[in-house]
Amino acid sequence: MEADPADTESRRTLIGLGREALAAELTAFGLEPFRARQLWHWFYHRGATSFAAMTTLAKPVRERLAEAYVIRRPEVARDLRSDDGTRKWLLRMADGQEIETVHIPEEDRGALCVSSQVGCTLTCRFCHTGTQRLVRNLDAAEIVNQVLLARDALAEWPAPPDGRLLSNIVMMGMGEPLLNYEQVATALKIIMDGDGIAISKRRITLSTSGVVPVMKRCGEELGVNLAVSLHAVTDDVRDQLVPINRKYPLAELLAACRNYPGATNARRITFEYVMLRDVNDSPADARALVRLLKGIPAKINLIPFNPWPGAPYTCSTPEAIQTFGDIVNAAGYASPVRTPRGQDIMAACGQLKSASLRNRDAVARLLAEKDAALVA
Ligand code: SAH
Ligand code: SF4
């Protein structure tokens, strides 16, 4: 059998190394420190996909680099476009594992929904990603590469200062970003760097299901906007919907939100709340939510449940969502309903998953197995 070229590739990538790590790597390779700045510019400002294209470097330097290192975008296994303009890439990593990245265009901007893990070790009951068996962390290169690939596709090299199609990043794809904090942090620092991709931390939102011990660090070191997947107002219900609640219950989660560095009225924490019929969507739930969030600069994002094959829930009725939103709104919290985007290509919140598991019993069995591992 012929070997897959990826298996025999011995050249390493420089993408995903932070500024200092890149400088150290190049120094060890025998290049001067200013080369790191030049490469950074070509990688992250110009979007170069080969060393040969880096015309400000002398040819022998380019050749030496190309012998030792490689710039490789993930392989696009599928490229799907929704009727509403949303685009979803199924990306195949060097080891064959797959992840999804979604671009959600708006009128004068656009967000890229980036994955942090292959699958997710957590098992939120309403989330398709949680039903995926294979799980591993992405490394910083694989996270940054999602952004580079999207910029290639949107032809935004170098990116215009205004009106970018890729202006915002949401760490809301597959995986729990705070369970892969080091790699996510390295990647986000590269993405924010003003000499490169230059997406400001104010335009980056990280969503967590509530990994309480890492939240403070995330705020201090990265200063990105925080979104918290709340989804329930009592520990009983949240234990069921978001099983990590059994480890870090509501009181601890909300305390971490109160202490989140940088949360102010101008920079509110977003609380995500998936609307599940007859589970968490009553007027009493809405009133309890208001009480729970007292004193936290917050907005509440109501997310109509997006169905997937075998899912054990249905979406709340439009009337229930409206009533719920009105109660929260009357208490002074913005409570926009998140319009599902890209549903026709399974790109909406909670629909991402790179291999299908359609059978309801199989889903239930897998969730039970992963759940046992979480509590252990
Ligand atoms: N793991 C992180 C990041 C994923 S963000 C987190 O859970 O926060 C994706 C958002 O979509 C989360 O708020 C998640 O709870 C929500 N979600 C998951 N499944 C969903 C579904 N089927 N319908 C609507 N929202 C869903
Ligand atoms: Fe993981 Fe987030 Fe899905 Fe929960 S909602 S299973 S934390 S990706």
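This is a predicted model: local features need pLDDT of at least 70, side-chain atom pairs count only at pLDDT 80 or more; totals for chains, interfaces and linings use all residues.
The crossing of helix 2 and helix 3 is right-handed. Helix 2 covers residues 19–28 and helix 3 covers residues 34–45. Their axes come within 9 Å and cross at roughly 125°.

Next, helix 5 and helix 6. Helix 5 is made of residues 140–154, and helix 6 of residues 181–192. They pack at an angle of about 40°, and their axes are 8 Å apart. That makes helix 5 oblique to helix 6, because an angle has to be under 35 degrees to count as roughly parallel. Helix 5 passes helix 6 in a right-handed crossing.

Now two places in the backbone. Most residues other than glycine have a negative phi, and most peptide bonds are trans. Keep that in mind for what follows.

Which kind of peptide bond joins Trp-157 and Pro-158, cis or trans? The bond is cis, with omega at about -20°. You will find Pro-158 in the loop between helix 5 and strand 7, which is 168–171.

The other place is His-231, a residue other than glycine with a positive phi, near 70°. His-231 belongs to the loop that runs between strand 9, 225–229, and helix 8, 235–241.

Last, ligand 2. Where does ligand 2 sit? Ligand 2 is in the largest cavity. The residues around ligand 2 are Cys-120, Leu-122, Cys-124, Cys-127, Gly-130, Gly-175 and Ser-209. Sorted by class, that shell has four nonpolar residues, three polar ones and no charged ones. If you have the structure open, Cys-120, Cys-124 and Cys-127 are among the residues to look for around ligand 2.

That is the end of my part.

Methods:
Residues are numbered from 1 along each chain as its sequence is written. Chains are lettered from A and ligands numbered from 1 in the order in which they are written. Side-chain values use heavy atoms; hydrogens and water are left out. A residue is near a molecule or strand if one of its heavy atoms lies within 4 Å of it. On a 1 Å grid over the protein atoms alone, a cavity is a set of points where a 1.4 Å probe fits but cannot get out, and a pocket is an open set with protein on both sides within 12 Å along at least five of seven lines; lining residues have an atom within 4 Å of a point. A molecule sits in a cavity or pocket if more than half of its atoms lie within 2 Å of its grid points. Ala, Val, Leu, Ile, Met, Phe, Trp, Tyr, Cys and Pro count as nonpolar, Asp, Glu, Lys and Arg as charged, and the others, Gly among them, as polar. Axes are lines fitted to C-alpha atoms, for helices over the stretch in contact, and angles run from 0 to 180 degrees between N-to-C directions. Helices (H or I, at least four residues) and strands (E, at least two) are DSSP runs, numbered from the N terminus. Angles under 35 degrees count as roughly parallel, over 145 as roughly antiparallel, 65 to 115 as roughly perpendicular and the rest as oblique. A crossing is left-handed if the near helix is turned anticlockwise from the far one by less than a right angle, and right-handed if clockwise.
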